[in-house]
Amino acid sequence: MAEAGKAVTLRGELSGLFKSALSTAFPAAEEAPIIASCNNPQFGDYQCNNAMGLFGKLKGKEGAPKNPREVATAIVSSLPDNSTIDNTSLAGPGFINCTVSSAYLAGRINALMTQGVASLAPPLRYKRVVVDFSSPNVAKEMHVGHLRSTIIGDTIANTLEFCGAVVVRLNHIGDWGTQFGMLIEHMAELRPGGLAESRDEDVADLQTLYRAAKKRFDDEEEFKVRAREAVTRLQSGDEECIAAWQRICDASRREFQAIYSRLGVTLQERGESFYNPMLKDVVEELREKGVAEVSEGATCVFVEGCEVPLIVQKSDGGYGYASTDMAAIKQRVQQEKADWVIYVTDIGQAPHFDMVFAAARKAGWLPEKGSAQPPRVSHVGFGLVLGEDGKKFKTRSGDVVRLVELLDEAKQRCRDSVAARREESGDPIDEAELEAAACAMGYGAVKYADLKNSRLTNYKFSFDAMLELKGNTAVYLLYAHARIAGIVRKAGKDVDALVAGGEAFKLEHPRERELAMAIVQFPEALEDMLEELTPNRLTDYLYTLSETFSNFYTECKVLGGEAEDSRLILVEATARVMRQCFKLLGITPLYRI
């Protein structure tokens, strides 16, 4: 994932050192270094695990080492001079444990403080990335199912931007299709003068409009015929139909934006309708290249290993989702010049995107599968949001949970909790401060509860669990950050001035060193997250960092101690990395609660 030749992570530096050692000790082997964190810090910080595998490759050859430990010894003897590794030791049959120099860790912390957290961002091989996420349907309210795509996509986009990529955040909304025929026809029949008399109030309650139109479409055969005729008029560019369609889209857009504003998510709308003018040419190109063929009247792309073809044009001449997705992938690669395109949808759509990607490869728009050459495509699938009963998350009446109601309740619960704590402690309650804390904690809790789970699994939505003050929750982490910020505030010192003044930064206590190591490993969490496109890598790191700080603060006196200035630098470095993690996760940090 990282750009070749630019190691920003500690793991990357160690990998470079061991690569050099392997090349020196066993030049014919062409062995890539295998570097991992030590499971038990008692033995060291990192481990090189090449010896046993390399011994197997060399066994039986002239001059081959007698055992894996001999391989390990040769590797260690060939390590170049460096200031990163303090010492090495061998364990078991040939594991090479290495302890990182405290001076190296102190230098990395100093660089973080002087150059900013951005200096820790690992560089990317990909410079321009399209992330397709959220993607609600026009005329339908956003529900809890849209939550996962929106916040997973936002976190991935934030992290890519932090690592230097130009990210195009696309909202592929469902703003075209047969459902608009029934909506437009129903609107036309609401007033005596038809669509010519249509008003904004006709779309004021889109849910009522959609339900009424859907009921008529299902129950009235004559209405169904008129609705299909309305679709034809819309697709032919009828001015009244286009105006009604635009009115529906505008009303939906306002509702979507209200949600995005609350979540702090930025998106560029590019709905299905954007690709309409491209569909005919895309299908013709697929036919001319022999990628698509006519089968039972429909134009299809047959993908090896798939029983059902990808239908890019229906037998009646119409176009569907597959047509739009093929046009979209071509436009994103050829016009947007993206060298990585990421789709964030539910995991049930994985087979569809596998077929779209395969068809795009057959068309020559993408390199062969497994190629390291851009453009790269990835489908980021995710599981369902379940209720506490383990079933699909719904209201008591069986309806899908509206996202706006879910956010309202999370915010209100946090508001009540903070107000009660303030009242109990006798602290004055500032309404603006209370509102800001309720939003940060409520929305942050909802996001974090989702992101901390593996995206591939279903997870149970529980307000009680996500608002816990202990454990791996956003509320706990926000309180932890506020406490850390309070330590620096109470010290009354300018930590940047301490760093600029050349304050001797020392890592003498084991807990100091452990915390410094956790801070320095932040870029590795980013690398792992982007390699797997799994935000829980980042939440795991943030929680571990917070717990490591807690252990440090319990055993190492900061305020009033002999090492106060040195330890304040470590405290502030922790806070800055935590704040960057919050930013990537789309959570607003709190300095006082």
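Me: Helices (H or I, at least four residues) and strands (E, at least two) are DSSP runs here, numbered from the N terminus. With that in hand, where is P375 found?

Reply: P375 lies in the loop between α12 (350-362) and β12. Keep in mind that this is a predicted model.

Me: And the peptide bond from P374 to P375, cis or trans?

Reply: The bond from P374 to P375 is cis, with omega near 0°. For background, most peptide bonds are trans.

Me: Where is S134, and is it buried or exposed?

Reply: S134 belongs to the loop between β5 and α5. S134 has a relative accessible area of 4%, so it counts as buried; the cut-off is under 20%.

Me: What about E296, what is its phi?

Reply: Near 55°, again a positive value in a residue other than glycine. E296 sits in the loop between β8 (293-295) and β9 (298-301).

Me: Buried or exposed, for E296?

Reply: Exposed, because its relative accessible area is 82% and the cut-off is over 50%.

Me: On to the sheet. How many strands, and in which order?

Reply: Five strands, in the order β7-β6-β5-β11-β12. The sheet is open, and the pairing is parallel.

Me: Which are the edge strands?

Reply: β7 (268-269) and β12 (376-382), each of which pairs on one side only.

Me: How many bridges between β11 and β12?

Reply: Seven, in the parallel sense, with β11 covering residues 340-346. V341 stands opposite V377 in β12. Helix α5 packs on this sheet and touches β5 (128-132), β6 (166-171), β11 and β12.

Me: What angle does α5 make with β6?

Reply: The direction of α5 makes about 165° with that of β6.

Me: Switching to helix α20. What span should it have?

Reply: Helix α20 has 20 residues, 536-555. At 1.5 Å a residue, α20 should span 28 Å. Its end C-alpha atoms are 29 Å apart, which agrees.

Me: Which residues of α20 are buried?

Reply: N536, L538, T539, Y541, L542, L545, S546, T548, F549 and F552.

Me: And what do those buried residues pack against?

Reply: Helices α5 (144-162), α14 (431-451), α16 (474-491), α18 (510-520), α19 (522-532) and α21 (564-585). Note α5 there: that helix also packs on the sheet.

Me: Now L286. Which helix is it in?

Reply: L286 is in α10, residues 279-288. L286 is buried, because its relative accessible area is 0%.

Me: What is L286 in contact with, leaving aside its neighbours within four places in sequence?

Reply: V291, A292, V301, V312, M326, A363 and W365. L286 and K362 are 76 residues apart along the chain, and their C-alpha atoms are separated by 9.0 Å.

Me: Last topic, cavities. How many of 30 Å³ or more?

Reply: Two. The largest cavity has a volume of about 40 Å³.

Me: Which residues line the largest cavity?

Reply: A106, I109, N110, V499, E503, F505 and I569.

Me: Which helix gives the most to that lining?

Reply: Helix α4 (residues 102-115), with three residues.

Note on methods: Residues numbered from 1 in each chain as written. Predicted model: local features only at pLDDT ≥ 70, side-chain atom pairs only at ≥ 80, totals over all residues. Heavy atoms only, no water. Expected span 1.5 Å × (residues − 1). Buried < 20%, exposed > 50% of the residue type's maximum accessible area, 1.4 Å probe, protein only. Contact = heavy atoms within 4.5 Å. Pairing = 2+ DSSP bridges. Axes fitted to C-alpha atoms, helices over the stretch in contact; angles between N-to-C directions. 1 Å grid on protein atoms, 1.4 Å probe; cavity = no way out; pocket = protein on both sides within 12 Å on 5 of 7 lines; lining within 4 Å. Points joined across faces, edges and corners; volume = space filled by probe spheres on them.
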